[in-house]
Amino acid sequence: MGRLMRRRSTTTTDDAAPAPAPAPEPETAAERRCCRLRDAALSRNVRVRFLFDEIAKLGCDVGSPFGFVRCASVERSGPLGDKMVGGFAVNDGSQKRYAPGVVVVAEHAPDKAVFERTLVHELVHAYDQCRAKVDWKSGAHHACAEIRASSLSGECDLSQEINRGVFGLMAHHGKCVRRRAALSLALAGRAEPEATVDAVFDRCYADTAPFERHPDFAGLRPSESFKVT
Ligand SMILES: [Zn+2]
């Protein structure tokens with residue numbers, strides 16, 4: 001279930017052509033379902049829309065969100081398709097044009113909840129890429145990106161366990177983020193994933209940009225948060 005950063009080529013070589021290539025038509029039932037989930041998320045999911053707005057505010061033009069977010073079956077999503085739910089592709093330096101994109105593996109994101117968490121995860125990567133020009137070859141950069149994406153995507157949201165109290169909730173959340181970030185690094189083939197995550201965890205976990213406060217905890221009020229059952 002790791003979300004991997006992948007590098008892949010773009011087909012565009014013409015610098016003077018800013019419009020992204022149209023997304024390929026869905027071919028399988030899973031791809032069609034994935035496209036419906038994507039269309040709904042792009043028009044209605046608050047976190048998704050907020051991230052697109054913030055990326056634009058930073059000055060990165062991703063083109064049409066419908067072209068930026070692509071649904072692909074396991075077979076059509078590249079060599080890591082069977083292992084990942086979603087991926088964020090960046091240029092590897094061989095292309096002149098900055099043309100990142102998100103791919104969601106249709107069979108691995110079968111419902112709204114999984115799809116939307118995956119999309120938000122990848123959009124946090126896109127935000128970081130725009131904001132900080134992440135060097136994906138650097139272990140510290142990659143770990144930081146995965147910590148932020150796992151933390152801010154809702155993957156570790158335990159709202160159903162709200163009555164455990166905010167401290168228990170946040171401790172669990174941090175542990176979950178640590179584990180998922182290390183898993184993403186391991187799946188990407190990086191050595192010593194846990195140590196790499198630990199080295200940058202506190203700083204990157206505390207960075208909730210572009211959200212003013214952590215979105216999973218923003219709704220908590222002290223009177224509710226400290227209820228213990
Ligand atoms: Zn990731």
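# Strands, loops and backbone angles

Visitor: Which residue stands opposite Gly101 in strand 4?

Guide: In this predicted model, strand 3 (residues 84–90) and strand 4 run antiparallel and are joined by four bridges. Looking across from Gly101 in strand 4, the residue that stands opposite is Ala89.

Visitor: And which residue in strand 4 is the bridge partner of Arg70?

Guide: Strand 2 (residues 69–72) is also joined to strand 4 by four bridges, but here the two strands run parallel. Within strand 4, the bridge partner of Arg70 is Val103.

Visitor: How many residues of strand 4 are buried?

Guide: Side chains in a regular strand alternate between the two faces of the sheet. Gly101, Val103 and Val105 point one way from strand 4, while Val102 and Val104 point the other way, and all are buried. Strand 4 is therefore largely enclosed by the rest of the structure, because its buried residues number five of the five.

Visitor: Turning to strand 2, which residue points the one way together with Val69?

Guide: Arg70 and Ala72 point the other way from strand 2, and they are buried, as are the remaining residues named for this strand.

Visitor: Is Lys133 buried or exposed?

Guide: Lys133 lies in the loop between helix 4 (112–132) and helix 5 (139–152), and it has a positive phi of about 50° although it is not a glycine. Because Lys133 has 10 other C-beta atoms within 10 Å, it is exposed.

Visitor: How many other C-beta atoms lie within 10 Å of Glu192?

Guide: Glu192 is found in the loop between helix 6 (166–187) and helix 7, and although it is not a glycine, its phi is positive, at about 50°. Glu192 is partly exposed, and the number of other C-beta atoms within 10 Å is 13.

Visitor: Which residue is joined to Pro210 by a cis peptide bond?

Guide: Pro210 belongs to the loop between helix 7 (193–206) and helix 8 (222–225). The cis peptide bond has an omega of about 5°, and the residue it joins to Pro210 is Ala209.

How values were computed:
Residues are numbered from 1 along each chain as its sequence is written. This is a predicted model: local features need pLDDT of at least 70, side-chain atom pairs count only at pLDDT 80 or more; totals for chains, interfaces and linings use all residues. A residue is buried if 20 or more other C-beta atoms lie within 10 Å of its own, exposed if 12 or fewer, and partly exposed in between; C-beta atoms are placed from the backbone. Two strands pair if DSSP finds at least two bridges between them.
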